[in-house]
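Please walk me through this structure, one part after another.

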Amino acid sequence: MADNDLYLYLLRLADDNLIVSQRLSEIVARMPDLEEDIAVANVALDHLGQARNLYTYAGEVEGKGQSEDDIAMLRNEREFSNSVLVEQPNGDFAQTTARQFYLDAYQVPLYEALTKSSDVNLAGIAGKAAKEARYHLQRSALWLVRLGDGTDESHQRIQAAVLAMWPFTGDLFVTDGVEERLFEAGIAPDLVPVRDRFDATITEVFGTATIVRPTDPYQRIGGRAGFHTEHLGHILPELQSLYRAHAGADW
Amino acid sequence: MPAPTGNGMTADELAAVTEAVEAVTDPEIPVLTIKDLGILRSVKAGENGEGVTVTITPTYSGCPAMDTIADDIRSAIEAAGSVGEIVTTFDPPWTTHWMSDEGRQKLNDYGIAPPACGAGTRVPVALGRITPAVAVDCPRCGSDQTERRSEFSSTACKAHYVCGSCFEPFDYFKEI
């Protein structure tokens, strides 16, 4: 395992959470009802907390004195390694729900597997995140069914949304040398069983929701290596401008 | 105020500081102490022979109360005439099973339904189905005719319920 493998891997996990949290924060106060508004704020907060824990630990692993904020706020687009799924726009409520459902269906088995990591700090952070991810999945699965098995309009919208988000899901399962070496060291999990559970969750929930499962083989990958869709470049200025404008500010 | 130095901390002094730390309350639920909630994991004599080391664990990854809790612990330690270091741990992850019986009762009296307790109470939920996970009693009238409105409520650790008997909405401290 190379020295900075763990650092890079922690950033991948953290960046997924930070970017989806930022996306969800954009729509707080714009949800269809009050309960959902509170729910989306809570889910965004869970993801932000997970990102903070991972960035803080990444800073310790790197050992150059970088704080969680330094890592989150001072990197540029090409240095972000989130999957391209999480940076996709909120679109309508169906698209936000589809994006979240795919992420939840991936994060539940991922974090459960990470609780067995040989790195005890990562296992601890994952143990917390796994519990939260299970709640997120319950909520997003419920919405998928409510929309899919709802009115003609809601069915049509959620069907279109799961198709639109599908080509960005393959990026969640891309592995490279970093993850392979960490797998050898017992730190990162094997993504094959994670993907099996992701697939099983999709099959189960789409069946209940009367949604036709996408089969499009085209997948837009590259996020882990810093090759993003056009959207990330618009998220980062809003996220980072305050921190960069007032370097070193503390509040 | 003489700060303890070296290995000068006596058992009595440690007990006094421990008591002060245990009395720190949760800023969101001021009727509960961090000990009641299980957020406080341990208070030990500092490893470098000075003051105390307090270990805490967050309820949720994004719990915004953790900074305030850490500040309050620091103040409590100083007020007890000592110095201390605060360590945050994630392992083992916090669970509602750590909440004391006294804490559950206080929570209920405060108007928040306490989490279902005991290992194994977590019911496997069929995804996409609205399933009544566990019976939650209304903290106001005690009725079990309650309905979950949302998995999430005023804070990340609570779900939103409404009582079918007295029709009051209430928070349920959800089990994790």
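**A walk through the two chains**

In chain B, strand β6 (residues 158-163) and strand β7 (residues 169-173) run antiparallel and are joined by five bridges. This is a predicted model, so what follows describes a prediction. Within the pair, H160(B) has D171(B) of β7(B) opposite it.

These two strands belong to an open sheet of four strands in chain B, with the order β4-β7-β6-β5 and mixed pairing. The edges are taken by β4 (112-113) and β5 (146-150) of chain B; each has a single partner strand, so one side of each is left without a neighbour in the sheet.

Chain B has another open sheet, made of three strands in the order β1-β2-β3, and its pairing is mixed. Here β1 (40-45) and β3 (84-88) of chain B are the edge strands, each pairing on one side only. On average, neighbouring strands of this sheet are turned by 15 degrees against each other, direction ignored.

Which sense does the pairing of β1(B) with β2(B) take? The two strands pair in the antiparallel sense over five bridges, with β2 of chain B covering residues 52-56. S42(B) stands opposite T55(B) in β2(B), and V43(B) stands opposite V54(B) in β2(B). The two strands form a hairpin with six residues between them, and G49(B) in the turn has a positive phi of about 80 degrees.

Helix α1 (residues 11-22) of chain B lies across β1 and β2 of chain B and runs at about 160 degrees to β1(B). Helix α3 (residues 66-79) of chain B lies across β2 and β3 of chain B, at about 155 degrees to β2(B).

A search of the whole structure finds 19 salt bridges over all chains. One of them joins the side chains of E22(B) and K35(B), at 3.9 Å from N to O. E22(B) is in helix α1 of chain B and K35(B) is in helix α2 (residues 34-37) of chain B; the pair links parts of the chain 13 residues apart.

Next come two points of backbone geometry. In general, most residues other than glycine have a negative phi, and most peptide bonds are trans. D91(B) and P92(B) are joined by a cis peptide bond, with omega about 0 degrees. P92(B) is in the loop between β3 and α4 (101-110) of chain B. In chain A, A29(A) is a residue other than glycine with a positive phi, near 80 degrees. A29(A) is placed in the loop between α1 (5-26) and α2 of chain A.

In chain A, helix α5 (residues 120-148) packs against helix α8 (residues 191-209) at an angle of about 35 degrees, with the axes 8 Å apart. From α5(A), L137(A), A141(A), L144(A), V145(A) and G148(A) take part in the contact, and they meet T201(A), V205(A), F206(A), T208(A) and A209(A) of α8(A). By class, the residues of this contact are seven nonpolar, three polar and no charged.

The last part is the interface of the two chains. How many residues of each chain are in contact with the other? There are 31 residues of chain A in contact with 31 residues of chain B. The area buried between the chains is about 2700 Å², and carbon and sulfur atoms give 61% of that area. Across the interface of chain A and chain B, zero salt bridges are found. Six residue pairs are in polar contact across the interface, both residues being at pLDDT 80 or more.

On the side of chain A that touches chain B, the elements giving two or more residues are α2 (34-62), α5 and α8 of chain A. The largest share, 16 residues, comes from α5(A). By class, this side of chain A has 12 nonpolar, 10 polar and nine charged residues.

Key: Residues are numbered from 1 along each chain as its sequence is written. Chains are lettered from A and ligands numbered from 1 in the order in which they are written. This is a predicted model: local features need pLDDT of at least 70, side-chain atom pairs count only at pLDDT 80 or more; totals for chains, interfaces and linings use all residues. Side-chain values use heavy atoms; hydrogens and water are left out. Axes are lines fitted to C-alpha atoms, for helices over the stretch in contact, and angles run from 0 to 180 degrees between N-to-C directions. Contact means heavy atoms within 4.5 Å. Ala, Val, Leu, Ile, Met, Phe, Trp, Tyr, Cys and Pro count as nonpolar, Asp, Glu, Lys and Arg as charged, and the others, Gly among them, as polar. Two strands pair if DSSP finds at least two bridges between them. Buried area is the accessible area (1.4 Å probe) that two parts lose on being put together, summed over both. A salt bridge is a side-chain nitrogen of Lys or Arg within 4 Å of a carboxyl oxygen of Asp or Glu. A polar contact is a pair of N or O atoms within 3.5 Å; within protein, one must be able to donate a hydrogen and the other to accept it, and residues adjacent in sequence count only if both atoms are side-chain atoms.
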